[in-house]
Amino acid sequence: MDNSLQGKNILVTGASRGIGQAIAVHCASLGANVAGLATRTSNLDATAAAIQELGGEFLGLEGDISLAATATDAIAAVIEKWGTLDGLVANAGITRDNLLLRMTQEDFDAVINTNLGGSFHLLKAATKPMLRNKGGSIIFIGSVVATTGNPGQANYCAAKAGLHGLARSAAIELGSRNITVNVIAPGFIATDMTDKLPEAAKEAMTSHIALKRPGTPEDIAGLSAFLLGPSGSYITGQVMLVDGGLSLA
Ligand code: NDP
C-alpha cells in the first residue's frame with residue numbers, strides 16, 4: 001500500500017528539535033503540509049527551513065502546551081490555513097527528574113501538565129475538526145518507562161503511563177468515527193533531552209539495548225508516518241515500542 005501523506009494536514013508539537021523535528025520533516029517529505037508547535041516560533045526556524053527545502057508547506061506555531069488555549073489556538077490556525085486536520089502528533093514533552101524524596105510538587109505538576117495535560121488538550125481540540133472531516137489519526141509520544149518505571153522519573157513515568165489509558169479510551173470512543181489513536185513509546189533516543197544525562201548513565205542504558213545503540217529521532221519518524229498514512233488506518237488503541245530491544249533486557 002502506498003503510504004503517501006500527500007495533501008494531508010498534520011500538526012506536530014515539539015517540532016523544533018529531536019523527535020518532533022524528525023517527524024515533521026519526514027511527514028513533509030511524504031507530501032504532508034506540516035504545522036509545527038514549540039514554545040517560540042523562532043525555535044522552529046531550522047524545521048521550517050528543512051521543510052521548505054523539500055518544497056513543503058510549513059506553519060510555525062508557538063505556545064505552552066500545558067495550557068488548553070495553546071491547543072485550541074494551534075488547531076484553529078491549522079484549520080484556518082488548510083481547512084482540515086488529518087493528523088496530530090502530540091510529541092512535546094519535558095523531564096524534571098529527581099528521586100521521590102526530593103521531587104517537588106512543582107516538578108511533578110510541570111511534567112504531568114505538559115506531558116499528559118498537553119496531550120489531553122490536543123486530543124480534545126483535534127477531535128471536533130476530525131469528526132467534521134470524518135476521520136483522522138492521533139499519535140501520542142509515550143515512553144518505554146511508562147510500563148517499566150524508572151528511578152528518578154516518577155512524575156515522567158506517571159504522565160507517560162497516563163497516555164496509555166487516554167489513547168485506549170479515546171480509541172474506543174472515536175473508532176466509529178474513523179479516528180485512530182495510538183501511542184508510540186520510544187526507548188533511549190539521542191536528543192537534547194537525553195544529552196543532559198551523565199555519560200555513565202548513557203553507556204549503561206546503551207548496554208541494555210539489544211541493538212547496542214541509542215535510537216535516532218528518524219527511527220521514530222518512520223512509524224509515525226506509517227500510522228498517519230493509509231497503511232496505518234486499521235491500527236488503533238495500541239502502544240507501540242520503538243526501542244531497539246531495550247524493553248527485552
Ligand atoms: P527534546 O527535549 O529534544 O524536545 C522537546 C520538544 O518539546 C521541543 O520542541 C520543545 O520546544 C517542546 N516543548 C517542551 N515543552 C513544551 C511546552 N510546554 N509547550 C510546547 N512545546 C514544548 O525532546 P525529545 O525529542 O527527546 O522528546 C520528544 C518526546 O519524546 C517527548 O514527549 C519525550 O518525553 C519523548 N521521549 C523521548 C525519549 C528520548 O530518549 N529522547 C524517550 C522516550 C520518549 P522548544 O524548543 O520551544 O523548547
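Gly187 puts a backbone N or O atom 3.4 Å from an oxygen atom of the ligand, a polar contact in the sense of a pair of N or O atoms within 3.5 Å. Keep in mind that this is a predicted model, where local features need pLDDT of at least 70 and side-chain atom pairs count only at pLDDT 80 or more, while totals for chains, interfaces and linings use all residues. Residues are numbered from 1 along each chain as its sequence is written, and side-chain values use heavy atoms, with hydrogens and water left out.

**Ligand contacts**

- Thr191 brings a polar side-chain atom to 2.5 Å from an oxygen atom of the ligand.
- Asp64 has a polar side-chain atom 3.0 Å from a nitrogen atom of the ligand.
- On its own the ligand exposes 900 Å², and the protein buries 93% of that (areas by the Shrake-Rupley method with a 1.4 Å probe).

**The shell around the ligand**

- In total, 32 residues surround the ligand, counting a residue if one of its heavy atoms lies within 4 Å.
- The closest ones are Ser16, Thr39, Asn91, Tyr156 and Thr191.
- Sorted by class, the shell has 14 polar, 13 nonpolar and 5 charged residues, with Gly counted among the polar ones and Tyr and Cys among the nonpolar.
- Two or more shell residues come from each of α1 (18-29), β2 (33-38), α6 (154-174) and α7 (192-195); helices here are DSSP runs (H or I) of at least four residues, and strands (E) of at least two.
- α7 supplies the largest share, 3 residues.

**The sheet**

- An open sheet is built from 7 strands in the order β3-β2-β1-β4-β5-β6-β7, with parallel pairing; two strands pair if DSSP finds at least two bridges between them.
- At the edges sit β3 (58-62) and β7 (239-242), each pairing on one side only.
- From one strand to the next, the twist averages 20 degrees.
- β4 (residues 87-90) and β5 (residues 136-141) pair in the parallel sense over 4 bridges, and Gly87 stands opposite Ser137 in β5.
- α1 packs on the sheet and touches β1 (9-13), β2, β4, β5 and β6 (179-186), where contact means heavy atoms within 4.5 Å.
- The direction of α1 makes about 165 degrees with that of β1, with axes fitted to C-alpha atoms (for helices over the stretch in contact) and angles running from 0 to 180 degrees between N-to-C directions.

Technical notes: Polar contact = N/O pair within 3.5 Å; in protein donor to acceptor, adjacent residues only side chain to side chain.
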